[in-house]
Structure formats: structure tokens, C-alpha cells
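Thanks for asking me to look this over. Here are my notes, point by point, to read beside the model.

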Amino acid sequence: MSNFESLAQIVSSKLLKQSPKDFVSLDTVHGNFCLVQNDGTLVSGIRIDGNRSTVSQEEYDDLIETIEEDYKAHLQEGTHRFIHYFSSDSDKTKDELNRVFGDAARATANKIGFIDTSVIDEEVEALAKYCHSERNYLVVYTYVRNLTPTERKELQRLKEKQAKGMPFMTGAQSLSKGVSFYVDKHVSLLNSLREMFSNSNIFCRTMDIHELTYDIRLAYDSAWTAPDWKAVLSGDKHSLQIPEKRKGDYSHLGYPRLADQLMTRELSPVDSSTARIGDTIYAPLSVAFTPQNPKPFNALYKELQKANIPFRIHYDITNGGMGLISFQDTLATFLRVTGGSDNKDVLSVSKALRDLRDGGHEIVSLKINICTWAYNDDIQLAKKRRELIARICQSWGNTQVASVEGDVVESTLSSIPGLTSGNSAKPLPFDLHSTARLLPITQPASVWETGSRVYRTVRGKIIPCQPYSQKQSHWTKLVVGPMGFGKTVELASDNWSLVLHPDAQELPYIRQIDIGPGSKGLVDLVRSCLPESKQYLAQYYRIQNTKDFCVNPMDTQLGLRNPLSGHMSTLINIVSTLCLPDDNTAPPEGTLDVIQALLKLAYRVCVERKSSKDYHSGYIEQVDAKLEELDFNPPTKIPRWWDVVDFLAINKEYRLASLAQRYAVPTFSDLIALCSDGRIVDDFAESKTPTFEPIVKYVSRKLRAAMSMFPILSGVTVFDIAHSRIVSLDLDDVTKGKGPEAEKRTALMYTLAYHILTNDIYKGPDQLKEMEGPVGIFEHDYYSFHEQEIARLQRTVKRFVGDEVHRGRKVTQFLEQLVTMVLEGRKWGVDVVLASQLGNAFPEEIKELATTIIILGAGGKKNIDSLVNEFGLNDSMANLLRNSIRKPGKGGSTMIGLFDTKDGWLEQLLMSTKGPIFLWTVNSTRTDTYIVERLAKQIGLWETRKLLVHRYPQGSFEEEIETRRKQLGADDEKASGILDSIVEDNIKYYNNYFYSQIDKSVA
């Protein structure tokens, strides 16, 4: 190529801009956060995730003042430029949902052994109907301006030094720009802006260069930008290009030009107002006249979301706004004699701006670009969307727009942040205060960028959340919701999200206490996803107060002769609850001392050789058989059960050893017997109740009565949860009734269930210090066994869930046990979730430790006021609680979410949207359960769910029942007839139409 041809190519490319790539000004990168333009200008992005809480009017006004003052200080020098960018695209929602949730959830499902991930797929589909993909960030420019002659010389010397010895590369990223000379000023600006936003309760972070270039390419050509696309930038590994024949050009050795990477397909004009990339049609427009009455961005956003229009908006802010009207001002004054209204308007605007400037306001130059698009070459749809945006903008403070400013390709590119140095939009003088009001800065935020739980805002922003996350110091969650507001579904949703935790290598431990069958749905869901051989890992039990469910709370960890400290606290709570007087007030003074002495003595008696329990065959057949197989021959004449335990453990028969240990430890019957032991009687001979009954006799009497009243506690353990991971204990049948006796029974059963569910997961390294050394005649040391178990537990996700905790709130021992649950959970890394219909059901200590609070509804005014006070809701949240929370509907359930994170509190109005399979599986309302059970009797449970998913994708019969009730004018007494008619109609549909309709939908 001759020198003349090279010059002609440069003139054609740079001056005439024949290709869209010629508009691209990005040249190279510096460090991890700076892009560099051809002229050395630095470009960085600050992602604005949004506000940590709903913003009141007063807070909004303060925020605008802060932004105005901060931007004013930075813009006055003329060396900086700010571009605020926001985009929303519902057509790319599934891609975004898969990025933040779906892909990781499916990967976890595969790791933990699921054979079905259809529930994950349907959740993505369900959310996609209401959500959109969203981008929101500030692009910051720092120009190489205002340098002194000396600084210019130093910069030039630095460039020459960096370029010395570098090969000539016209088609690659530059290697020498002298950026290090002035980059500190740019970095200082970024830090200052981040600090300003953070202090204003806005979550933000600096975008690294790969993230920023990804977003630029996504804005240019989303169809050809894969979720894992990554630009090849300085410092990255890259493949060498095929060298061209141009002599002396070593571009093939360098990093590919950014323009070539960001724009792999041509942007070409379709007509004078639209452009095309592939089959995507872009319709740009720009603001021609600033709004007469500036309104917040959310007013525009709300209307555009209602219209379901994909759009991006690009605010370009620089200094020098007064200079823009100086010529117009002069011309209008000169032509004033014509009397034209336009001239008068110009002079009026000029005067208003000067008055603002004189009053201390900054007048900036503002360019606003807006762009919409349509896929599948739908030119008319793109134009229709643009027309609709133009009309909506008119209601946004009477903002006037123009379709295209100059070349349509340049106008389209001008709406992409950071790509070009120029902007085709008309520069408008506007005061900075009003400009700040237009910016997208108060969107709801999440501190999580991905998560196994996905909420959304009412307007459709995706809000990922990650339970059991390191962004929180510990995990204590409180869920409050009146009956009918979706508490059961919320708990199931949250537990499901823990199952799909991205760090899970195996099925997590989720242990739940429930009152009613609400949690059975999640257990069924998990079982349906597992192969039959692993379905034992998820179990639901409806507990009965019978010997078939007998549990001895005095069972200890394998091989341990004494309970660990946490276990001892639980035992004291259980026994003291059994010893409560009839009115459930505190037990008589001295009772706790007797209980503690009894417990310590019982364990000592069962450990000492002379009094420990003898082994007898015939109790556990598997143990007898294994002892015979292993030739059990202890050195003592009469073997003890502890000898059997140790022998089996030495031979690594841990399951059989734990079964044998049930007969080695004390039971409650032993406690009763020890009440007549001289060591107890003598120590407490002087202690009496207020009615002068000896305190030991009082305890003995209460325990005897308890053994009669609670067969579930009356002997050796029969019921256990074995090796199950996800277990729900339904206490509905053992907690019925009202009054002091029912409250005591509820507190007792709740504490017993807590012990059953957490005994194997509430432990950590600190408890190793409590364990004895070698024990028994075999001198076996269990330390290494428990050390390995604890190490495994520390790697595993764990949660305890307690529902309906208000049932026992009048029993002091129960409230103390709740506090212990939370404190122990925090200590051992267990996620604790407590739920109630009442906000005042939780002790103050627990509310102070809560890191997540979910409020699903409040009911009447009195309960609303109570929740506001209980959880310290600010005025904005209180207003949302009163006016914005409704019962679950087609779009899901609404709630207030409060999250205490290491980045600060997050307080948002959220919605939870789930798919029909999930909803029908976990649905537990009385009327829906009635219909489902009767349908299942006739066509089977799985066919019933398939039918209901097809006919009632909202996951409930509520609307159907209400419609029929209105048609018939039926009252509650006739409701059962309505339910039966729904059953009959669905059976007819199933038999006559169901599979033909399914076949049609598949076809």
C-alpha cells in the first residue's frame, strides 16, 4: 500500500466516518478500571445498583442537593464528563434470570443428585413474565486538559519513553499513552463519587474493564453477545492474528482493536430514522427541549414499564451550559424588533438561567439520547415504540423529543455509553439541580448480584438474594404474616433456595418444626427431584404423643458419657417445663437446682462401672447379630451397654453403636428413681415449695405425671430421623387446645422437636474441648470421629426453621429456648428461621439479632402499628405496610424485606413469584387441600398436579371458589358444595379433554 493510499484511507475513515467503527474512540486500557480513548481521555464505569431503601420525599430532596453539590465541584474545571445510562429490556429477561439464578441453580441441582430441574426452569419462566433485564451506571470521563506547559512536556516525554522500542501497530490496541501521568486524578474522582453515593444510601461499585466492555458490546449487539463473552484486553491471554503483508506493521502481535471486538456486525441505516444490526431494528431519538417541570426518572420509568417498551436512556452532562445560549441570546436580542415569540422565549429562558446561576446554581450542558428497538426485523414495531416513548416523554414534565439528530447510525451509537467521544444529541443548557432530578438514582437495590432466591420489584426489577451468604455476619431470619398472606409458600420458597445454594456439594440440612402440613410440600418436591434410592434424605413426620414416637432427650452424641453444654441447657428447659405449676408460672424456687443435680447424677450413675446398665441380648437384633459376627468377648464377666457401644465404634459400626447407646444412657424414668436417692434427698432436705411440699417430692410428682401424660418421653428412643437431611416435624396433633396446659404442651413439644432436629447439626470445633479422652474398658477415643463429623458439618449448608412460634410465647422456658436456638445457631453456623403470625411473638434478644426480616402483611391497623414499633420501621416502610401489601395473587406475594448486610441495611418492597408446579406442591390452604386430596383419590397425586398446573397456573383455587360463590350467592355453610363441584368438573375435564389439550399445546 502506497503512502498516498494510506493517507486516503485515514482521511476516508477518520474524517468521513464511512464505517460505524470509525465512530469508536476507545483505544486501549489502563489497569483494571480505566478505558483509554484515542486522545488519552480516561473512561470508567460506576455501576449504580440503586437505593438501599424506599426514598421519602425529604430523603429524595436531600439526595438531589448532595448530587448537585458534588457534581458541581467536579464539573467546574471542565476536565470531566458524566454520562448516566439506564436500559431496560424485557426480551432479554430470561438470559438475565439464568445469569443471576438459573445456571447456578441447575449446576447445584446436578451436584446434589437431582434428576429433575423442571421446577428451576418454570421459576425462570414465571419470573420472566413480570421482570426485565436492567443496566444502570455512571460513566466518568477525565480529559487531558488544563495542563501547564511544563506538565505537557513531561507527559510527552513519558509517552516517548513508553513508546521507545515498541513495534509499529496500526491495527491493535496502543501500548503507550502516558496515562500513569494523570490517572491519579481520575481514580480520586471515582473514589469521591463512590463515597458520595454510598453516604447517600446508594449501593454502587466501580466496574472493571471487562465488565464495562461487556456492557458496551451488549448495548451495541445483544443478540451476538454471549453471557460469558469477554473482551481481550491488555494483560489477557490472546491468540496472535494472521499477519498482513504491510511491511513494518506488527499489529498481529498486539491485542485486537476494541472497535473490532465491540462491533462484530455492521450497524447500517434502514431509512432516515432507523438502523439495523442483524434482525434488530433500532429507533433512536433525543430530547430537543428540556422539561418545563422536571419530574423524577421514576415517573418516566413507571410509564415505560406499563407500556412494556425496551429502552435505553443516556444523559450526557458537561460544564459550559451558559455558553450554549450566548449566541442565541445575542441573536434574539438583535432580532427582538421582529416581535417573534420564539425570540422572547429565548430571552426569557436565558434570564431564568442567569438568575439561577447568580443564585449559586450550576448551569450544565445536557444531552439526552433515548433509543428503543424491536427484534425479527420488525421496523414498524420499532417506530411504534419510538412514537409511544415520545408521547410518554411529553407527560414527563412536558419533555419534547426529536426522532434523529443527524446521521441515524451516529444517533444510535450516541445512546451507548463509553463507545464514542461525540454525541449527536442537541446540547441543552439546564440547571444541575433539575438535571439531577431526571437521573435514575433511586431504583431499589440488592447487595447480591446473583442468588438462589430471586425476588422482584413491583415494576419488575430482578432482585437476587443469597441465603446463607457471607455478605451477612450470621443468619437469623424472622418471617411475619397473617393467615392467608403466603407464609407457608414463603418458607418453602426460602428453603428451596437453600437447597439450591451455589456452594452446596450435597443436600443441605434443613430441619423444620411446623404446625400443620405446610412443610410437607417442600419435602415432596425434593423427593420428586431425587432418585428413588436417595428419597430417604427428605422426610416429613406428623408427630403423635405415643410410644411409637418415643424420644429420649437424654441421648448423647456417639460415645459421649455426658451431654455437651448446649444439650444440657435443652435438657434443663425440657425438665423444668415438665415441672411447671398448673398456671405455667415459674417453677418453685429451688426446682432448677434439683433438676441440674438429678441430671448430673443420672449421667454419673450410668457411667460408673458398678451402676452402669448391663447389656442383654434381644433388645436390638442387628446389634446382637453384629456382636456375634465380630466375636464380641469383653474382658469383664457382665458386659455393659457402654462396652457394646465402644466395641461397635472401634469396628466402625457407627449406626449400630448409636442404637446400642440408647440403652446405655439415662432416661426420664431414671430421673424419677433418683429422686429417692439419698444423695439428692439429703442435699435438698430443707427445700420446700410455697405449699411446704419437699422440693424433691414436688419434682418427682411432676415427672411421674409427665410420664403418664407424655408417652413420647417415657422410655428408650424409638423414633429418630436417621440419616435424613431435610426433615419436617409436624406438631399439629400434639399442640392443640388453649389455656395454660396447652401452652405448656406446645412449649414442651416444640423444645423436644428442636432437640430431635438439631442434635446432630448444632456442634462445632469448640465442642471438641468438652469431649472426654479415651473411655470405657476398651479405652476408645471418639475425638477423631467427632472431629471429622464437625469438619463435614462446617462444609455443609445448615438451617433450622420454626413456624408458629407464637403458640408458646406465654411460657418463659419456651422463650428462653428460642433465644438459645438463635444464639447456638449463630455460634455453629446454622441459618435460623423463625415464623409467626404475630410480630410480638419474638423475644427482644432475637429481634436484635435478626439479620433478615420478612413482613408478608399486617391485617388491621392495630397490628400494623404493632409491627412498625416491633421492627422499628421508618415512615416510608410503614406507609408501604399500610398501603402496598396485598394477599398473594397471580403475580405472587408482596412483602417488606429487611436485610442486615455487611454493606448496611437493605429495606425494600419486594414480590415473590413462583411457578405453578412449585405452588401446587407447597400449597396447604384448607380449601385447596380438600380439593386436591379428593382429586388425588380418583386420578392419583401426580396426575392431579399435572391437571392443576395446566388449568390453574396461579397455584390456587381461590379465584375459582370466589367466582362460584358469587354466582351462587353461597355462604360458608354451602362452601363445601362448591368445593365438591370443582372436584367433579375437574374430573370430567380430565377424563374428556385433558390429554387432548396437552397434545395440542405440545404441537
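1. Let's begin with Arg205, which is partly exposed because its relative accessible area is 22%. Here buried means under 20% relative accessible area, exposed means over 50%, and partly exposed lies in between (1.4 Å probe, protein chains only). The side chain of Arg205 forms a salt bridge with that of Glu211, at 2.7 Å from N to O. A salt bridge is counted when a side-chain nitrogen of Lys or Arg is within 4 Å of a carboxyl oxygen of Asp or Glu. Glu211 itself has a relative accessible area of 18%, so it counts as buried. Through shared partners, salt bridges join Arg205 and Glu211 with Arg47, Glu96, Arg99, Arg135, Asp215 and Glu449 in one network.

2. A word on the source before going further. This is a predicted model, in which local features need pLDDT of at least 70 and side-chain atom pairs count only at pLDDT 80 or more, while totals for chains, interfaces and linings use all residues. Residues are numbered from 1 along each chain as its sequence is written, and side-chain values use heavy atoms, with hydrogens and water left out.

3. Which other salt bridges deserve a look? Asp720 and Arg662 meet through their side chains at 2.3 Å, N to O. Asp720 sits in the loop between α24 (695–709) and β19 (726–730), and Arg662 in the loop between α21 and α22 (668–674), so this pair ties together parts 58 residues apart in sequence. Helices (H or I, at least four residues) and strands (E, at least two) are DSSP runs, numbered from the N terminus. Asp720 is partly exposed, with 22% relative accessibility, whereas Arg662 is buried at 11%.

4. Do look at Glu123 and Lys914 as well, whose side chains form a salt bridge of 3.0 Å, N to O. The pair links distant parts of the chain, 791 residues apart: Glu123 belongs to helix α4 (residues 118–128), and Lys914 to the loop between β24 (904–912) and α31 (916–922). Both Glu123 and Lys914 are buried. By the rule given above, the count of salt bridges comes to 56.

5. Some acidic residues gather on the surface instead. Glu58, Glu59, Asp61, Asp62, Glu65, Glu69 and Asp875 form a patch of negative charge there. Patches are made of residues with over 30% relative accessible area and no salt bridge; like charges are joined within 9 Å, and nonpolar side chains (Val, Leu, Ile, Met, Phe, Trp, Tyr) within 5 Å. Asp and Glu count as negative and Lys and Arg as positive, while His and the chain ends are not counted. Helix α2 (residues 57–75) gives the most to this patch, with six residues. Glu59, which is placed in helix α2, is partly exposed at a relative accessible area of 39%.

6. Is helix α20 (residues 641–650) enclosed or open? Nine of its 10 residues are buried, so α20 is largely enclosed by the rest of the structure. Among the buried residues of α20 are Trp641, Trp642, Asp643 and Asp646. The buried residues of α20 pack against α18 (591–607), α19 (621–629) and α21 (654–661). Just after α20, Lys652 has a positive phi of about 60°.

7. Which residues does Phe86 touch? Phe86 lies in strand β4 (residues 80–89) and is buried, with 0% relative accessibility. Leaving aside neighbours within four places in sequence, its contacts include Glu134, Arg135, Phe297, Tyr301, Phe311 and Pro440. Contact means heavy atoms within 4.5 Å. Phe86 and His314 are 228 residues apart in sequence, yet their C-alpha atoms are 6.8 Å apart.

8. Glu824, in helix α27 (residues 812–828), is buried at 17% relative accessibility. Not counting residues up to four places away in sequence, Glu824 touches Gly566, Tyr754 and Tyr762.

9. Finally, the chain as a whole. The protein chain has 35 helices and 24 strands, and buried residues make up 56% of its 1003 residues. Among contacts with a separation of 6 or more, 77% are between residues 24 or more positions apart. The protein chain exposes about 43600 Å², of which carbon and sulfur atoms supply 50%; accessible areas come from the Shrake-Rupley method with a 1.4 Å probe, and for residues only the protein chains shown count as cover.

Terms used
Charge placed at Lys NZ, Arg CZ, Asp CG, Glu CD.
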